[in-house]
Amino acid sequence: MKLQSLRRTALGTLAAASLVIGGAVSGHAADSPQPGAAAEPVLRDLAAAKGIYYGTAVTASKLNGTYGAVVGEQFDSITPGNEMKWESVEPTRGSYNWSGADAVVDYAEAHGQKVRGHTLVWHSQLPGWVSNGSWTADSLRTVMNDHIAAEAGRYKGRIDHWDVVNEPFNEDGTRRQSVFQTAIGDSYIADALRAARAADPTAKLYVNDYNVEGINAKSTALYNLVKSLKEQGVPIDGVGLQAHLILGQVPSTLQANIQRFADLGVDVAITELDIRMTVPPTSAQLTQQKAEYKAVTNACLAVARCEGVTVWGFTDSDSWIPDVFEGYGAATPYDENFQPKPAYYGIAEALGWSDGGTNPTGACAVTYTVQNQWNSGFTAQVTVKNTSTAAVNGWKLAWSWPAGQRVTQAWNATVTQSGTAVTAADAGYNAAIAPGATATFGFNGSWSGGNTAPTAFALNGTTCTA
Ligand code: XIL
């Protein structure tokens, strides 16, 4: 409750912050952290200060080494990616294997993390004895209730949120014809929620689905379900929006959709966020992904009943996307080597972090000198000075040429040009510019008519003095 009120006071600033999403700058210094850079953000602390949690799906067997360290440091909720699914815990009737699920819950408790239990009733990753059994409504209801009693009962008091029912709808908003739906009928969802409440009275009980992030036929069906469950007094506490998104397709109605569920009197969580793109990714795609992770996080922050966000794997090395969506990947906030991607900084920025003054406005000075000029060509040298007190780690210097000059060849930087807009990116070995230090690069260019020097420069999107 204390956190909720803290959030409300922050909402005005959040709304203002969300206006600059589209202004995310490529080559942001903090996107490639180097020794000496501003302190790295800690997502779990930032999220807690805003009154939400930030979580990740995990693979139990990987919870050690660098993977385990990042999960423990950065996230305050974890979801077992597979270990609590029916086929994992009850592969044959009445015989249970809890090893993976236990490992996740134990890890969470050792690291002060919430657990999202995932998932009790789902048509997929369901053992053959359930999906292929021949059932009456009563016999399958008994099996389902027994499964819920066993699993939710085992972890009673240790699970914060249960995805009790997963993916009950088709895209058009009709019920998915799972074995539960066909054998038991519409009421299986209410039955499952009641069984879960009986087994673990303190866990918040969710229904979770995908393609329900924006306002559409499927999310409206989910909305109507929740409304009817509430009216019947069925225990339902929240709605999970999976959010397996495609780059460029964050629904514009995301926040409004979260809000309409909140207005029904349930909590909302983003439960499986990833934003996939074609691979290999370009830096423009990664920059866009940053803005989209930021936008999704902001949408949750903007609605008081949105409890938190979980990414479906925090690293590209542990993402389901490449296995399932051919040609797509790079969907998570960390790369395959556990290095934070721009998306990670997008999340951090939505949560109120800023890079602590790396490249503040006016904190760079540029000298542009034409060293040599002949009939149609010239050679120029550019020196960028870091006049701030924070290190620059990775840079792009942008300018516009007034008189139609064209760059032909560059050294100590990669220089690209589109129309009159020129961008010089560091050459790797000169990416770091300590406070007070400089980086210098040069190029040959062509000119005709005039060779006036540019007067305005921007380093990583920030205006420099010329
Ligand atoms: C995925 C896992 O990440 C994969 O490892 C597994 O092979 C298939 O399932 N919606 C869900 C998740 O609710 O349980 C799914 O997880 C991804 C889609």
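Let's start at an arginine: Arg276 lies over the face of Phe325, 3.7 Å from the ring centre. The charged end of Arg276 also sits over the ring of Tyr328, this time at 5.9 Å from the centre. Keep in mind that this is a predicted model.

The structure holds 27 aromatic pairs. A pair like this is described by two things, the distance of the centres and the angle of the planes. Take Tyr67 and Phe338: their centres are 6.4 Å apart and their planes are at 80°. Since anything over 60 degrees goes down as edge-to-face, that is what this pair is called. Now look at where the two partners come from. Tyr67 is part of helix α3 (residues 65-74), while Phe338 belongs to the loop between β10 (328-329) and α14 (342-350), so the pair ties together parts that are 271 residues apart in sequence.

Last stop: a pair of helices. Helix α11 (residues 254-264) packs with helix α12 (residues 283-301) at an angle of about 25°, and the axes are 9 Å apart. With the cut-off for roughly parallel at under 35 degrees, α11 is therefore roughly parallel to α12. The crossing of α11 past α12 is right-handed. On the α11 side, the contact is made by Leu254, Gln255 and Ile258; α12 brings in Val296, Ala299 and Cys300.

Note on methods
Residues numbered from 1 in each chain as written. Predicted model: local features only at pLDDT ≥ 70, side-chain atom pairs only at ≥ 80, totals over all residues. Heavy atoms only, no water. Phe/Tyr/Trp six-rings, centres within 6.5 Å; stacked < 30°, edge-to-face > 60°. Helix = DSSP H or I, 4+ residues; strand = E, 2+ residues; numbered from the N terminus. Lys NZ or Arg CZ within 6 Å of the ring centre and 35° of its normal. Axes fitted to C-alpha atoms, helices over the stretch in contact; angles between N-to-C directions. Parallel < 35°, antiparallel > 145°, perpendicular 65-115°, else oblique. Left-handed = near helix turned anticlockwise from the far one by under 90°. Contact = heavy atoms within 4.5 Å.
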